[in-house]
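Here are my notes on the model you sent. Please read them with the structure open beside you.

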Amino acid sequence: FSAAPLRESQIHTMAARIAERRREHWKMAAAMERKKRADARMAMASKLERDDTSMHPTRTFPATSAERTRASLPNPSESSDSCDDHGSCVINGVGGNLRPSTPKQLDSQQPRIRPTKSVPVSGAFEEKDSDSEESSGRRRRCGDSRFRRESDSPIQDRGDISPYSPGSSEGVFASTPGRIPLPPARPRATQMRFLEELSEHLHSMKSLSNRKAMDKVKDVSEVVFQIVDFRQDGIVDRGELSTFTRTVGDHCPMWSPTSCSFAVVDKFGDRQICPKELCVYLQNAYRQLGKRKFIAQMGLITSVVPARDAPEDIFAELRDGPGCVIYDTEERGITISQLQALVEHMEKRCDAEEWCDENEMSPTFKSRLHPKPTKLHETDPTAVNLYHIVDMVIRPATKRRCCSWVEYIAKGPQPPHWFVSHYWGDAVAHFVACLAQHSLDRELPPDTMYWVCAYANNQWDLAYELCESPASSSFRRAMERSLGTVTVLDPDAVCFNRIWCCYEIWFSIVDRFDEPYHYDMYTYGEAGPCGITDGCAAADLKYEYPVDAKRQREMKFPLQLCRRALSTRLQDASASRSADKNMILNCISRSHRLDVEPPEEHEEYEKLNRILAGQVSHAIWGTALEAGEDMEPYLDALCKCDLPTLELTFDSSQHVADSDVAQLSKSIGLGLKELLLDFSHCALISDQALYAIADRLQVPAALRRLSLSFMVNARRKNPVTDEGLKALGAAIPDTISSFALNLYGCHTVSDDGIQPLLAAMPSGLEYLDLSFAFNEQISCETVFRLPPVMAGLRELKLNFHYCQRALTDEALQALGQAIPSTLDTLHLDLRYGEQLTSSAVRDLFRMIKERAPDLRDFFVNCNHCILLTDAAVPAVLPSKLVRLRIGFGFCTRLSPVAVKTLARAMNDEIGELAFDFSDCCDAIPVLSAFQDLIDELPLKLQRIELTLMGLNAACTQDIEEAVKSALAPRGALVFISRPRP
């Protein structure tokens with residue numbers, strides 16, 4: 001080792017020696033590899049010969065594949081006449097499709113032994129040969145037709161019959177006259193044995209480290225090689241690989257014809273694949289995919305490759321195909337129809353197989369009291385809970401694939417819309433019924449996905465799904481992808497005492513408190529499935545008063561479950577493992593370490609307890625009051641919660657009184673932003689209720705919305721008066737941007753109480769809804785006080801139904817001149833305005849058109865305005881209208897000309913249209929007038945409603961048929977009000 005630098009000649013000499021030694025090493029390794037292959041083929045052929053002697057008593061020459069293998073090996077003692085000029089063996093005049101047998105050709109095809117490197121699975125795993133000239137020459141020789149094996153021909157040349165098809169016993173490998181007979185088809189028991197062995201290897205890989213799992217890939221590759229090598233001759237040719245990839249590749253990307261092409265797997269370039277080459281391919285795939293994805297894709301082989309000898313698949317009815325691979329657990333939602341199919345399957349098997357409760361985690365497990373397990377089929381199929389479903393259905397069905405239930409039945413990813421929090425001990429049939437009812441109440445489409453942990457998580461790899469922190473678990477990721485959470489309560493409300501369920505509730509109502517995230521609760525009660533929704537559901541919005549519909553729907557919810565929610569304490573929740581409880585409590589308390597002992601008390605714990613109790617109290621307050629419950633616990637929960645929205649309806653309640661409102665007003669806290677109370681038809685409500693509410697209105701720091709309803713009832717003893725309105729006006733905070741007051745039928749209210757209230761309206765008001773219907777005490781002076789309030793409004797709704805003193809031409813003139821340019825929605829109820837003239841109404845329409853150019857929703861009801869003529873009908877309307885409703889019913893001075901005028905005034909942007917022309921025209925002219933209306937219908941119209949009371953039935957029928965035929969191509973909805981009998 002001289003310190004002097006080497007000369008260039010010395011460097012070239014050393015490089016030449018290294019290259020020579022490398023070539024000798026390659027030759028020696030290639031010889032050993034060829035000998036190993038030959039021994040393996042001979043051993044396999046001998047085994048087949050022993051197994052198939054009884055099946056094939058007579059054979060043509062050569063009798064076995066072992067003899068063909070021996071014929072393909074080079075023999076130095078063999079004369080040169082036994083081979084043609086190109087080295088192809090000739091046996092009794094028949095040219096065999098065997099490998100070149102001369103020593104020169106064998107040396108030219110020796111494989112290159114060098115370390116493999118990982119490449120992407122989606123591309124080719126093949127390495128580029130550095131000696132391109134030698135490699136290309138070898139490939140040209142192997143590509144010569146005289147050296148081509150018959151089995152290397154395309155699969156179409158052999159009938160395009162898959163060896164994996166259940167209807168074929170031999171498939172593409174059946175013997176053909178004129179060819180050397182091929183080995184018989186694989187015995188029926190062999191395919192199933194290989195699939196089960198593959199499943200066992202995949203199961204064992206889950207618990208291994210990455211390094212040991214990589215070593216396990218060798219065992220997996222051996223089993224996969226046996227599955228692909230359908231001829232069992234120790235090698236895989238192009239036809240076998242092509243058939244396998246076409247069968248599996250559509251469902252498994254790793255085995256697609258592009259990723260797993262013959263050129264990619266054939267590392268040695270000898271136009272045949274040995275077990276070592278397939279092992280190299282799978283090892284590279286493992287490096288790129290990782291252990292979890294590799295196991296998922298390999299597991300699909302057990303579902304895609306059919307085993308003709310396999311027992312009947314009792315789960316076949318639950319899926320449409322072989323399943324899929326969904327890497328992200330949060331995208332494994334499940335539909336209602338898939339859950340209902342599972343329930344039907346469960347009920348059918350439960351009776352037939354006499355399921356027994358042998359799960360110690362199940363609440364019905366009685367092995368400690370009775371040696372014989374409880375027979376579920378002797379009680380009721382609804383006693384089957386999720387513990388039993390996992391043991392009887394999910395794990396047996398997914399055992400071979402080691403996958404989740406959703407991956408087993410789905411065709412692709414199913415991102416969730418709703419997250420489901422529940423207790424596994426609840427009956428599965430009741431659980432599915434609750435979710436179906438939730439879907440109906442919310443009017444969700446059939447493809448809505450619910451994320452249920454038992455079906456989404458891989459029951460064979462729960463450690464991965466749960467992770468080391470709840471913040472990174474599959475539960476948290478699924479909730480972040482969802483629109484809301486549905487808690488399905490069991491009859492004993494055990495869900496509120498389970499730590500994982502409490503964590504899900506904490507995330508839903510505490511961690512996402514300021515976000516538009518819904519939290520619903522459902523259970524299966526005596527009257528069937530029922531629930532409490534966060535706000536009004538879609539089914540409630542169909543009614544005129546959605547809040548009342550919501551209260552009626554939620555009255556079926558059991559009050560005992562609500563009482564359990566009031567007493568819920570997060571810190572007292574239980575867990576199957578104490579480590580889970582410590583981890584979750586530390587996560588909720590924002591601790592830096594999750595493996596330490598959590599604090600016994602924390603503000604975050606109490607925050608969840610308060611909000612959960614407050615939301616339940618808020619939802620069930622009216623029902624509890626009607627049932628005569630002690631309201632102190634509910635009031636205490638509301639006061640501690642400090643909800644941002646307090647929306648309660650007591651419509652037609654005979655129990656709520658001023659004292660109850662005084663108690664309820666104590667729950668108005670600092671964080672309240674919306675206060676909506678409905679005391680319609682409550683006979684025991686008076687000014688005292690308004691005084692109690694007014695005293696607390698200054699408490700919230702940012703109250704934005706205030707809505708109060710005191711609709712009159714004949715049984716009311718102490719109606720609201722002007723004094724109560726004055727107190728309310730004096731207490732309205734400046735932060736109010738939306739104000740609604742319903743004084744329908746309150747004849748004791750006059751201008752003296754309403755005018756101070758209007759004067760107290762804040763300047764930033766954007767929404768105003770006032771109803772003074774059937775109040776003869778209100779005059780046009782009240783209307784004159786509206787212009788200052790209307791400045792800057794976006795929505796204005798005024799109801800002066802039967803307020804004859806207020807409905808004058810001067811009042812309409814003042815109202816029209818005060819229309820703000822910012823107005824988007826305008827509703828005016830002018831029914832029974834017997835003093836209104838056509839000119840005043842026409843001028844109102846004109847001013848609305850000029851002053852509110854961006855108006856999109858316009859409703860005017862002029863029914864029973866007996867002085868109106870055709871001149872009152874507007875000739876022009878705002879150009880951006882999307883929704884138009886106009887009523888001229890019972891205006892007897894109108895003619896069919898009014899219908900034609902209104903038809904020409906509409907624009908093509910209108911999507912919803914409603915007209916009322918009851919009792920205003922003769923029958924025969926109306927038909928022709930409505931024909932003009934039909935011809936002028938807007939192009940974007942999707943809904944039309946016509947009220948034609950007073951017309952004869954035949955005329956109404958003709959109009960309905962004409963409208964439906966005109967709108968049928970658009971799919972628009974048509975509603976025609978029938979005439980009175």
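1. Terms and ground rules. Helices (H or I, at least four residues) and strands (E, at least two) are DSSP runs, numbered from the N terminus. The model is predicted: local features need pLDDT of at least 70, side-chain atom pairs count only at pLDDT 80 or more, and totals for chains, interfaces and linings use all residues. Residues are numbered from 1 along each chain as its sequence is written, and side-chain values use heavy atoms, with hydrogens and water left out.

2. Overall picture. The protein has 35 helices and 19 strands. Of its 981 residues, 52% count as buried. Buried means under 20% relative accessible area, exposed over 50%, and partly exposed in between (1.4 Å probe, protein chains only). The protein exposes about 44300 Å², and carbon and sulfur atoms supply 51% of that area. Accessible areas come from the Shrake-Rupley method with a 1.4 Å probe; for residues, only the protein chains shown count as cover. Take contacts between residues at least 6 apart in sequence: 78% join residues at least 24 apart. Contact means heavy atoms within 4.5 Å.

3. Asp695. This residue is found in helix 26. Is Asp695 buried or exposed? Asp695 is exposed, with a relative accessible area of 62%.

4. Helices 9 and 10. Two packed helices are described by the angle between their axes and the distance between the axes. The axes of helix 9 (residues 275-289) and helix 10 (residues 291-299) come within 7 Å and cross at roughly 125°. Axes are lines fitted to C-alpha atoms, for helices over the stretch in contact, and angles run from 0 to 180 degrees between N-to-C directions. Helix 9 and helix 10 are therefore oblique to each other. The cut-offs: under 35 degrees counts as roughly parallel, over 145 as roughly antiparallel, 65 to 115 as roughly perpendicular, and the rest as oblique. Helix 9 contributes Leu282, Ala285, Tyr286 and Leu289 to the contact, and helix 10 contributes Lys291, Lys293, Phe294, Gln297 and Met298. By class, that is six nonpolar, one polar and two charged residues. Ala, Val, Leu, Ile, Met, Phe, Trp, Tyr, Cys and Pro count as nonpolar, Asp, Glu, Lys and Arg as charged, and the others, Gly among them, as polar.

5. Helices 12 and 13. The axes of helix 12 (residues 336-353) and helix 13 (residues 386-398) come within 12 Å and cross at roughly 90°. Helix 12 and helix 13 are therefore roughly perpendicular to each other. The contact uses Leu342, His345, Met346 and Arg349 of helix 12, with Ile389, Met392 and Val393 of helix 13. Five of the contact residues are nonpolar, one is polar and one is charged.

6. Loop residues. Arg271 lies in the loop between helix 8 (262-265) and helix 9. Phi of Arg271 is near 60°, a positive value in a residue other than glycine. Arg271 is buried, with a relative accessible area of 18%. His681 is in the loop between strand 9 (674-678) and helix 26 (687-696), and has a positive phi of about 60° although it is not a glycine.
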